[in-house]
Amino acid sequence: MKTKLVSSAVADIQSECLVAIVLDHNTDKSKDAKPDAKIASADFGFTEALADVIASGDVTGKSLETVLLHGPKGLKSKRLLLIGGGKAAKFSADDIRKIAGTAVRYAKTKNLKSLAIAVPDSTVSAADAARAIVEGAFVGDFDPNYYASDRKDQRIDELTVISAANADKKSLDAAIVTGAIIGASQNFTRDLVNEPGNKMTPTILGQRAKKMSDEVGLKCEVFSTDKLHELKMGSFWSVSQGSPEPPALIVMRYEPAGAKKDGPVLGLVGKGITFDTGGISIKPADGMEKMKYDMAGGAAMIGAMRAIALLKPNVKVIGIVCAAENMPSGTAQKPGDIQFAMNGKAIEIINTDAEGRLVLADGLCYARQLGCTHLVDAATLTGACVVALGYVNAGIFANDDDMYTRFNKAQQSAGEKFWRLPLDDEYREMIKSGIGDIVNSGGRWGGAVTAAKFLQEFVEDKPWIHLDIAGVAWMEENKPWIAKGPSGIAVRSLVEFVNGWQS
Ligand code: BES
Ligand code: MN
Ligand code: ZN
């Protein structure tokens with residue numbers, strides 16, 4: 001999708017489809033309060049041309065309400081799509097993202113190839129709005145039916161952002177470029193997550209990361225079994241041992257010249273299980289096909305590294321993805337086995353289906369060995385997190401309040417939702433081992449927390465946050481602004497988080 005900025009009278013725009021946002025300005029909360037819809041535009045001529053339509057009462061400004069007009073009077077565009085943004089007082093950049101995504105998905109059902117969206121006049125700054133329009137439009141432009149024989153792969157080729165004539169063109173242009181980088185990187189992640197296990201093995205994931213890295217100028221190395229043995233990553237390797245597909249340890253480095261010599265080094269560590277059968281502790285057949293998305297945490301790190309390489313913040317970042325396929329076989333690990341992680345801790349395997357923490361344990365140790373001073377991991381780690389928070393919020397755990405505060409700020413501006421869960425010492429008791437140091441499963445109760453406590457053992461004293469994205473990495477249904485399928489969750493927040501560390 002190409003993006004461009006034009007600053008001119010909205011009525012003069014010649015587009016296949018012009019999109020404008022309508023807000024409800026009524027602040028009356030009573031039951032029979034009538035909406036007070038207004039086009040959110042500072043362009044007087046444009047709002048005047050639409051006065052009749054608004055007065056008709058057909059347009060209420062209700063959130064994501066869509067009204068399509070053909071050959072609108074007084075406008076040069078072929079169609080006008082009005083989309084509701086809800087109450088004006090609560091309107092945010094995230095509403096704009098969803099509106100842009102909705103506009104794109106709507107336009108695609110009409111086989112349109114281009115659209116023009118007017119920056120709304122609201123409490124959101126023009127630059128933030130322009131960026132949100134582009135991010136949201138990219139998100140709406142993704143369809144997951146890759147292998148359907150009748151796939152149209154219909155895309156929006158061109159998106160025009162219309163700004164007021166007196167707008168600061170330079171800042172809007174920059175905002176649009178940023179939005180396109182982030183939107184395309186989120187879709188890069190979704191593309192990786194969408195692929196089924198037979199098309200996305202650890203080796204293929206490594207190749208995709210390498211190719212992307214070469215394109216954007218990141219250093220990238222991909223290692224396999226020998227390196228795992230050399231680094232004494234017994235925990236990571238144990239997950240891969242049951243599969244003929246070799247594991248991949250993907251290391252991407254972003255080391256900008258402008259970064260402070262002894263400044264922070266952020267480590268982004270992702271779970272990359274390209275298929276999770278559960279191993280010998282095999283999962284039930286029902287729904288197992290979904291376990292192709294068990295590499296979504298790793299894919300989020302790869303997408304975030306892509307955006308970081310292109311946005312060039314002056315802070316060092318190392319991305320590490322631990323990719324393996326978790327299979328049952330004659331060579332697979334067994335419940336009761338003992339595995340030694342890179343830091344020497346002895347792990348008693350209780351359940352081979354708690355494999356994500358095993359690969360991450362070594363990934364976190366390795367990030368420290370490479371010099372990372374602050375750690376973030378992302379993983380589709382536990383069903384228990386889905387039980388706790390459903391499909392709405394991802395879980396976030398932090399051993400450091402500053403890290404949490406930074407990430408919380410980032411997620412709010414990125415329009416993603418993470419809810420903090422605890423890491424009290426008492427939970428550590430639940431993962432004591434009688435034969436070794438730690439068991440890999442604390443059982444059903446508090447399962448998301450005991451998984452996080454397990455990871456904490458490998459972080460040691462480093463400030464760290466853990467993102468459990470099991471419930472939100474895959475959209476269970478179509479929404480007006482995003483297709484059912486891989487969501488690309490965490491990419492936007494991670495990029496925002498990293499940007500916040502610039503010196
Ligand atoms: N990949 C799963 C977690 C998961 C569940 C992701 C649902 C996405 C949706 C993970 O490897 C797993 O199997 N976890 C077990 C842990 C248990 C055996 C301690 C779980 O959550 O049941
Ligand atoms: Mn599992
Ligand atoms: Zn898993």
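How much space lies in the second largest pocket? About 690 Å³. The model is predicted; local features need pLDDT of at least 70, side-chain atom pairs count only at pLDDT 80 or more, and totals for chains, interfaces and linings use all residues. Residues are numbered from 1 along each chain as its sequence is written, and side-chain values use heavy atoms, without hydrogens or water.

**View 1. The second largest pocket and its lining.** Here 23 residues form the lining, and K98, V392, G415, M475 and W481 lie nearest the centre. A pocket is an open set of points on a 1 Å grid over the protein atoms alone, where a 1.4 Å probe fits, with protein on both sides within 12 Å along at least five of seven lines; lining residues have an atom within 4 Å of a point. Volume is the space filled by probe spheres set on the points, which are joined across faces, edges and corners.

**View 2. The second largest pocket between two domains.** Domain 1 (2-167) and domain 2 (208-499) both give residues to the lining, so this pocket lies between them. Domain bounds come from an automatic or database domain assignment. The largest share, three residues, comes from α3. Helices (H or I, at least four residues) and strands (E, at least two) are DSSP runs, numbered from the N terminus.

**View 3. The largest pocket.** About 1,000 Å³ of space lies here. The lining has 39 residues; K283, L381, T382, G383 and A384 lie nearest the centre. Helix α11 supplies the largest share, five residues. β10 (265-276), α10 (356-369), α11 (383-389) and α13 (447-459) each give at least two.

Definitions and conventions
Chains lettered and ligands numbered in written order.
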